[in-house]
Amino acid sequence: MLRLLTRPNLPRRLCLYGSALSLVPILILGITADTVARRAVDRHAERAVRQSLTVERDAISRHIDTIARTVVTLAGHPDLVGAVADPAPRGAGAGAAEAAVGFAPPDAAAPTIRRLRGHMVLEGVIGIDVVAGDGRRLAVGRPPSAVVAERLAALTRPGAPALPVGSVTWVEVTAIAGPGPDEGPVIAAVAPILDADRAAAHGVVGLRIDAGPLRRRLAETALAAGGDILVVGWDGRLVVHPTPDRIGMPPDPIVAGYLGPEPRTGQVVIDGAAMRVVTLPLSRFGGWMVGVVPVAALTAPVAAIRSAALAALVICLVLVGGIAFAVSRDIVRPIQRISTGLRALRQAPAAWPPPLPVVGDDEIAALSHGYNDLCDALIQRQQAVDALRDSEARYSLAMRAANDGLWDWNLETGDLSVSPRWKAMVGHHETAGIGGPEVWLDRVHPEDRHRVLAELHAHLEGETPVFESEHRMRRIDGREIWVFVRGLAVRDDAGRPVRLGGAHCDITARRHIEAQLRHDALHDPLTGLPNRVMMLEKIRDAIARRRRDPHFVFAVLFVDLDGFKSVNDSFGHTSGDAVLIAVAGRLRRQLRDVDALGRLGGDEFAILLNGLREVTAVRQVATRLLAELRLPHALGGTELVITASIGIAFGDLGYDGPEALVRDADIAMYRAKTAGKASFEVFDQRMRQRIMHRVRLEAELRQAISAGDLVLYYQPVVEIATGVIVGVEALVRWQHAERGLLPPGAFISIAEDSGLIGPLEAWVLGEACRQTREWHRLLAGAAPPPMVNVNLSPRRLAQPGLVQEVDRTLAETGLGPSYLGFEITESATVYETRDAVETLDRLKDRGVRLYIDDFGTGYSSLSYLHAFRIDGFKIDRSFVERLRDVGHSPSHSLVRTILLIGQELGATVVAEGIEHPVQLDRLRALGCRYGQGFLFGRPQPAAAITMRLCGPLGDRALADAFGPASAGPG
């Protein structure tokens, strides 16, 4: 053995040393394992016992809580309170299934008994008792024993302690010797019965619980071999015990010592045997659950563990020798790997061996650590060299690819280093040399240089955290660019700047986009003129200048094209846009550079004339503009003349803002349109008053239509040869509260402009049809029924729903469509559209008559007589008026021509404005069949027309043209 130990074979020596030294730790390990196993089993068993007790404790606690809530609920139930509080005379109630002593009449306790019986389904409940303060008793379930009854009665006697309100008092009754209703332990839960105010107790109610099922259940719960579960009541007596004789007796004193408000665990000796005791309090019940388990039963598994440990010890002793020899070789192998690795370090880095595994903390591990550290240091050094090379390459690539021009300014030496992108930005060649910072600062735009130097100085002095500036720079080729410069100074320990680095970014494209956006926001996209926003700003500047210089004169012209809508409707919006562009060019050519022209929207333009020498110059400019705009436009081979109306407002009227000035110019423009268009008007305060009057009149007209303040007058249309009334024309009047009866000319234009023409003409149509149907009923065949004509405005003709409105009106009034006629002005035919023609065709298809009013005063295009399927036309009064002239006047020939046209077309011709017998005679001589005018009657209310229609024949026929009804215009 000595020779073997001294042999130089290291593995063999280690094997012997390991075999000899391994015995001691194995023995220690076995003893330690036995102790740890015993303690572990003991703790595990104790946890199992506590867990089983906890499960049973929780189940019992839930059941106890249910019993407690039930008895508290019963104690407060109105039926039970009423039954107990009822001061009925004593007597035994007959007919009840359970005992009801002292309740009368006999069935008084029946509802309460039924409710109590419903709670008998609770587990363990064998009976429910109610004891009133005056001795009355009520019980359901198993009858109570004398002991239970006595204890419940004792709680209600005078002088007994008051029971806590809303809580439960537990009364435990032990087993009674001999047979009886309460064999085994009985537990009663008692609660006081209070009145509605919870101020006075009328008695108690108790639930009797049989503890026998609880004992049997706990006996079946397995804790360990020989272990039992006990239940100790609140008074320290056993409620549950494996031995029935012990129920009602105190537990062993050594066990009672572990009863307390907190769970406790301990080991005691009972009847010479070591027992493990675990106690858990029952908080609501006031008692305890106690688990008692023999310690021997808990540590029984330790013997098996000890035998297994001894067997393992023997096996370990056998295996240690072989394992030690095998492990010893692992000590030599790392040394061999270290030697191999050191030789590999002399080769190329690609042939470096992997790091050695480090096991333990011995000398071999230290050698392995040293070898690995050496390899790591060499690898990190090589990686740092490679990373530096890659970083330099990436930086060089980034410098070339970056969009920003990078620069570094050494403030101490004055050297400026820039990237190739910076050179390209200012037009330098990539290889060109760069001097000092003057190559940048000298190229800053002269208007921006002072600001840039101030921003740079502020950053170098520490006033700003970052140097930022947007300015213009001139390239070498002379082109101007916008750049954004951002830089940061590097300071020494004293805070003095020593370096300044940053970047130039070319923002020329962005600045151009911003300029374009600003231009688009302030200019009209079609004409390129300033829009409303920009024009208001220019006018605001003129107003401010006027305040500073009272001698400064300016004016605003509001230009609106006349009838431009017809251009879009006839030629299309593309042609309309071309006209607007042409108009903008013509207006611009007539203005000076100091003037401003803008498009407010649609066909409205605004002109600002600045620095006028005299007021009369504005009129001259307006005259030139009107003349320029009258020049024809060529649209698709057609020459179209577009005129304009201009309103002028001077800036010397104390305006506070541009909106009011434009508003007054608009008012003047509207005045020019109403005066005949193609002209200009200068604003004065009376115009604003007229506009306000018109606005007020529009509101009153709207109210008049809804309030029914309109009336209809009727002017007869007669047959010239006989004087018989063949029809009437319905003419609307407004019975104004202040201005009296207003003719149509005072409010029709307002109705058309405000959109009220639709409701107004709808009312006229309905009222005229109703009145005409009434005349038909009155005449009843005595005379030919008259027809009625209603005027139809061009705007109403263009609105949808007219045909449906006519159908509805005729259906409601019962008037035949052939007795209804619509009169449209000849000028309305200019706006002939597909929708208008379709509307008139649909009216004709229904039998409604169509007439052209004021024939001869409009465009007089004979094509309209075919486009519109008319039934007739009315000769304008201007031609009839001239028939009074002596001799053969041109009007005489025109009237004859119109009559011939009507005869050829088969159309009815009516002469309007007949006011003199001479006119009547000449029309009769020309063959005109029908006439209308003051000679036959002025417009009259419906009642007057009724008198003429239904009066004597001579009155209706107007046999004497010079009678009262034709005495002239009057």
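**Notebook: sheet, hairpin and cores**

I started at Asn 410, whose bridge partner in β16 is Arg 499. A reminder to myself: this is a predicted model.

I then looked up the strands around that pair. β12 (residues 405-410) and β16 (residues 497-506) run antiparallel and are joined by six bridges. They belong to an open sheet of five strands, ordered β13-β12-β16-β15-β14, with antiparallel pairing. At the edges I found β13 (416-418) and β14 (467-474), each of which pairs on one side only. On average, neighbouring strands here are turned by 25° against each other, direction ignored.

Next I checked which helices sit on this sheet. Helix α13 (residues 446-460) packs on it, touching β12, β14, β15 (480-491) and β16. The direction of α13 makes about 155° with that of β14. Helix α14 (residues 508-522) lies across β14, β15 and β16, and runs at about 125° to β15.

I moved on to a hairpin. Strands β2 (residues 125-132) and β3 (residues 137-141) pair in the antiparallel sense over five bridges. Val 131 has Arg 137 as its bridge partner in β3. Four residues lie between the two strands, and Gly 135 in the turn has a positive phi of about 100°.

Last, I went through the nonpolar cores. The largest has 71 residues, and Leu 760, Val 806, Leu 820, Phe 822, Ile 914 and Leu 923 touch the most other members. Helix α22 (residues 757-779) gives the most to this core, with eight residues. Apart from it I found another core, of 42 residues, including Ile 128 and Val 130.

Terms used
Residues are numbered from 1 along each chain as its sequence is written. This is a predicted model: local features need pLDDT of at least 70, side-chain atom pairs count only at pLDDT 80 or more; totals for chains, interfaces and linings use all residues. Side-chain values use heavy atoms; hydrogens and water are left out. Two strands pair if DSSP finds at least two bridges between them. A nonpolar core is a set of buried Ala, Val, Leu, Ile, Met, Phe, Trp, Tyr and Cys residues joined through side-chain atoms within 4.5 Å. Buried means under 20% relative accessible area, exposed over 50%, partly exposed in between (1.4 Å probe, protein chains only). Axes are lines fitted to C-alpha atoms, for helices over the stretch in contact, and angles run from 0 to 180 degrees between N-to-C directions. Contact means heavy atoms within 4.5 Å.
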